Amino acid sequence: MDFRVSLVDGLLELKNPVLSASGTFGSGLEYRPYGDITQIGGIITNGLTLHACAGAPMPRIAETPGGMLSAVGTQNDGAEHFINAVLPELPWQEVPVIPNINASNVDEFSALASLLAAERGVAAMEVNLSCRNDHRAGQRFCQNPVTAARAVNAVKRAAGSKPVIAKLSPQIMDIVEVAKAVEAAGADIISCMGTIEGMAVDIVSRRPMLGSVIGGLSGPAVKPLALRCVWEIARVVQVPVIGVGGVRSARDVLEFMLAGAHAVAVGTANFSDPGTIFRIIRELPALCEELGIDDLNAFRGSLKA
Amino acid sequence: MISPVRTELTVTDNVPFGQPVAGPSGVYRFYALTLERPAWKSWRPGQFIMLRPVQDGDGTTWARPLSICRVTSQSLVLFFRVVGPGTDRMSRLKSGDRVIVWGPLGTSFEMRPDTPTLLLARGVGMAPFAGYADVHPAPASLFMLFGHGLPSNNYPTDAMAARMELENIRDRTPGELEHFHSVVREKMLEYKEHGGLCLACGPMPFLKRVWERALELDLPTQLSLEERMACGTGACLGCTTITSKHWPDPVRAGLPVQTCTSGPVFWASDIDLHDVQPEERSL
């Protein structure tokens, strides 16, 4: 059975529909001891900004029922370091490497996309519209269709031939409107979804569990929400959708595909076991066989609703 | 750099240590957890593992970071205190249960056979020093000062006492704790005067005071930090520590580095704990 997925013809071809979600797999290099990272459909790397960013105050993560909260604040070493020190170490000729990019304004998005557009090792870029784009100011491009489209359009114009993925947030009145707007602005793919804001507190110390008080909730707790968003978006846009949110098994991969996703990204589950993504890729063929699925293209979006 | 491996191991033993003791934040329970020995090529004292019971299922509860207490020809031994739901699930592991383990992870303690070495431990922070004493080629050069709020039979120090000199100080009251810290300060001065080395492991309030004293004396000191961790691989960026201007890579001086991959053992002079508020850190 053929597990290859073409997200953008000739430009973004995956050997299987399972990617690593941004912020949960480092640059990919961190997971080399635990499996063959060239067997992954694609590596979406940790959030990248134009200049190095020290990130949010500690503590940054908290375990919650069915998931976790995180407020990392896009700690990263900046674009230059990524291009000169990380990219050359990655097996980008064998696995698509997709930086997740973040900026606090449109010009910064443009500048960052231009730098990455010139790199052979970059297969595509994922525009982060879902996190707080600057943890101090807290502006988010996802908050309305106009700002989201503006960010995507700026990246698209700077990205040359590289496919542009728009990663959406569920934290908005109508995610479908944002999906339509980013598609019109030139997004080649929509990635759905980023985290949703939550909070956890400790009644003994009377302190929040996170230094930033509020953080992004991810994990199986949000999977039904992600599935709903993918279902709603996939029905109205022409571009492929990557489903993200609480995936921890091959079964979850098929659920997202049934709802209309072309591919799926594994996130938080990479933390609880570094073997997760490799196991999912290993188990997918057997599960398809067990369920009598012999064509993923035909299966995709075939939900009887 | 020792490459870590992910493996499923069988629990061979899990025994409570000492009697459960009521404390200010609940009942204190200690366990020595023994696993079959993983097929590691090597490991070094101070390194840690991530451990997750297989029976936690395919949910996303995190694994827990545990320092390697001891590795024998047959076993990997861990020592932990129950502090929350994760360690509570670990305390219920029985012989024959399976756990997922990845490791050995992170940096290790400096070992200088001919140098008088002061080991400073508080509470469960004694765990990695068991393995340190086991593999040290000249344990006669080691001295451990061990502060503990609970009775000493809550901690597996007997085998350690057979390998090296060990002084126990009970520090259950604020006054006793201050006494412990004053002995720590005196001992660090003594080791500075004798060209010694100091290694410390324990809770953050204790480590921060050791860190301050190490800088004050310019005594070569390593600290093993403890942080909340989700992955142990350097990916989640949840366990960072701020480096000092002396950090070996100047590009990262003054910036956060991951405790799981750049630590957990750091030279005191390489990190900056000024802004760490120990009481704000709950694991």
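**A walk through the strands of chain B**

Hi everyone, let's start with a sheet in chain B: six strands form an open sheet with mixed pairing, in the order β10-β9-β8-β11-β12-β15. At its edges sit β10, residues 165-170, and β15, residues 265-267, and each of these pairs on one side only. On average, neighbouring strands of this sheet are turned by 20 degrees against each other, direction ignored. Please keep in mind that this is a predicted model.

Now find strand β8 of chain B, residues 117-122. Which way does it run relative to β11? The two are parallel, and five bridges join β8 to β11, residues 197-201 of chain B. If you'd like one pair to look for, A121(B) has C201(B) in β11(B) as its bridge partner.

Next, a helix. Helix α5 of chain B, residues 204-217, packs on this sheet and touches β8, β11 and β12 of chain B. The direction of α5 makes about 165 degrees with that of β12(B), residues 221-224.

Let's move on to strand β6 of chain B, residues 75-81. Is it mostly covered or mostly open? β6(B) is mostly covered, with five of its seven residues buried. As for its partners, strand β2 of chain B, residues 26-36, pairs with β6(B) in the antiparallel sense over seven bridges. There, F30(B) has R81(B) of β6(B) as its bridge partner.

Strand β5 of chain B, residues 70-71, is also antiparallel to β6(B), and two bridges join them. V71(B) stands opposite L76(B) in β6(B). With three residues between them, β5(B) and β6(B) form a hairpin.

Technical notes:
Residues numbered from 1 in each chain as written. Chains lettered and ligands numbered in written order. Predicted model: local features only at pLDDT ≥ 70, side-chain atom pairs only at ≥ 80, totals over all residues. Pairing = 2+ DSSP bridges. Helix = DSSP H or I, 4+ residues; strand = E, 2+ residues; numbered from the N terminus. Axes fitted to C-alpha atoms, helices over the stretch in contact; angles between N-to-C directions. Contact = placed C-beta atoms within 7 Å. Buried ≥ 20, exposed ≤ 12 C-beta atoms within 10 Å, placed from the backbone.
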